[in-house]
Amino acid sequence: MSKEWPLWEVFIRSQHGLAHKHVGSLHASDAEMAVNNARDVYPRRNEGVSIWVVRAADIVASSPGDKSALFEPSNSKVYRHPTFFPMPEEVKNL
Amino acid sequence: MYAQLVETGLKKVQTAQDMSEEERAFQARIDAGVKIEAKDWMPDAYRKTLIRQISQHAHSEIVGQLPEGNWVTRAPTLKRKSILLAKIQDEAGHGLYLYSAAETLGVSRDELLAALHSGKAKYSSIFNYPTLSWADMGAVGWLVDGSAIINQIPLCRCSYGPYARAMIRVCKEESFHARQGYDIMMSLAKGTPEQKAMAQDALNRWWWPSLMMFGPSDAESVNSAQSAQWRIKLFSNDELRQRMVDQTVPQAEFLGLTVPDPDLKFNAETGHYEFGEIDWSEFQNVLKGNGPCNRERLATRVKAWDDGEWFRDAMVAYADKKAARAAA
C-alpha cells in the first residue's frame with residue numbers, strides 16, 4: 001500500500017469578520033492541495049471568506065489529563081466575572 | 001440505517017457491576033450528557049463499535065454516489081444535471097466528514113478503505129439497488145435521503161463529539177437532497193401520464209428497500225441496547241421506521257401516487273400508519289452480497305481506488321521533492 005497523504009486541519013473565517021473556526025480535516029499531499037480540497041469541501045454554501053490549513057501533526061494540544069492543571073485555577077477566581085460585584089439598583093450604566 | 005446491524009462485540013449490556021471504575025466514570029459522563037472527545041479515555045468496545053458504525057456510514061455516503069452518477073450524463077435538463085452534480089459532491093463531502101470522525105478514534109483512512117474494498121466493512125443495503133429511470137433520482141432523494149435525515153438528526157446529539165459535529169454538518173446539507181428529490185417527483189407527477197407512471201414505478205421499487213434501510217426490529221438486540229446505553233443510537237429501528245412512514249405517506253398522497261402496500265392504513269387512535277410485513281429475507285440476501293448491484297458497486301469502488309494509485313503516489317513524490325528543495 002502506498003504512503004497515505006498527511007492529515008490537515010481546516011479553519012474557515014465566516015463572512016462577518018469573526019475569528020477562523022475549526023471546521024474539519026482532510027488529507028492532501030501538500031499545502032496547496034489542502035487549500036484546494038478545503039475549498040471544494042467546506043465553503044460550498046458561502047460559509048467563508050478565508051481558509052487556513054494546518055498539518056494536524058503540527059498542532060500541539062492539551063490532553064484530558066492536564067485538565068486540572070490548566071483549567072482549575074480559574075474556578076477560584078470568581079471575581080473575574082462582573083456578576084461577582086453586586087450593584088445597587090439605583091446605580092445605572094454599570 | 002446508513003449503518004445497519006452494528007456489532008458491539010458484547011454478549012450482554014454492561015451493568016455497573018460489569019464495569020471497571022474507569023468504565024463507570026465514563027458511563028456517568030455519558031449519562032450526564034457530556035460529550036466524549038477523541039483524547040478522552042473510552043472503553044475498547046465503545047471505540048471499536050464507533051469505528052464500525054461511523055465507517056459504515058462513511059462508506060454508504062461514498063458508495064451512495066454511484067447509483068446517482070449513473071444519471072449525470074442523462075439528466076433531462078442542464079439545471080437538473082447541475083443540481084445532481086452538486087448533490088453527488090455533497091455526498092463525497094459527507095463521506096469525508098465521517099471518515100475524519102472515524103480517524104479521530106485511531107484508525108487510518110487507508111485501513112478504512114481497505115476494509116471496504118475487501119468486503120469486510122459494510123455499507124447500507126439500499127445502494128445495492130439499481131437506478132433504472134430518471135424518476136429514481138427523485139425517489140432516492142425523497143425516500144432514501146429522507147430516511148437518512150430521520151436517522152441522522154438524533155445522531156447530532158450522540159455521545160461522541162466528532163461524530164455529532166459531523167452529523168450537524170451533514171444534516172444541514174441533507175434537506176437540500178430530500179427536497180430536490182421531491183421536486184423531481186412533483187414535476188413527474190404533474191407531467192404526462194407516462195411521466196406519472198415513471199414516478200409510480202420508482203416509488204414501487206424504492207418503497208420497501210427504503211423501509212429496510214432502518215434494519216430489522218432491534219427491540220431484543222443486545223448490540224442496540226448497548227449502543228443506546230452509550231448514546232450512539234438514540235431511537236430503535238422500529239421507532240425511526242414508523243416516523244418515516246408517518247411523514248412520507250401524506251407526501252405520496254400529495255403527489256397522487258400510491259404507496260405499494262395493500263395493508264397500509266391510518267390508525268386514528270394511535271395517530272400512526274400501520275404497514276404490511278417487510279420481506280426480511282430480501283434484506284438479508286442483499287447484506288450477504290446478493291443484491292442486484294453488490295458486485296458492480298464494490299468493483300467500481302475498487303477500480304477507482306486502484307486506478308488512482310499512480311496519482312496518489314505521484315502527488316506524494318512531488319510534495320517530497322518540493323520539501324527537499326525547500327530544505328536545501
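Let me start with one pair: Arg44(A) and Asp90(B) form a salt bridge, with their closest N and O atoms 2.7 Å apart, where a salt bridge is a side-chain nitrogen of Lys or Arg within 4 Å of a carboxyl oxygen of Asp or Glu. This is a predicted model, in which local features need pLDDT of at least 70 and side-chain atom pairs count only at pLDDT 80 or more, while totals for chains, interfaces and linings use all residues. Side-chain values use heavy atoms, with hydrogens and water left out, residues are numbered from 1 along each chain as its sequence is written, and chains are lettered from A in the order in which they are written.

Asp90(B) also meets Arg45(A) in a salt bridge, at 2.5 Å from N to O, and Arg44(A), Arg45(A), Asp90(B) and Glu173(B) are linked in a network of such bridges. Asp90(B) is buried, at 1% relative accessible area, whereas Arg45(A) is partly exposed at 35%; here buried means under 20%, exposed over 50%, and partly exposed in between, with a 1.4 Å probe and protein chains only.

Elsewhere, Asp320(B) forms a salt bridge with Lys3(A), the closest N and O atoms being 3.3 Å apart. Asp320(B) is partly exposed, at 42%, and Lys3(A) is exposed, at 54%.

Turning to the interface as a whole, the rule finds 6 salt bridges between chain A and chain B. The contact, meaning heavy atoms within 4.5 Å, takes 24 residues from chain A and 26 residues from chain B.
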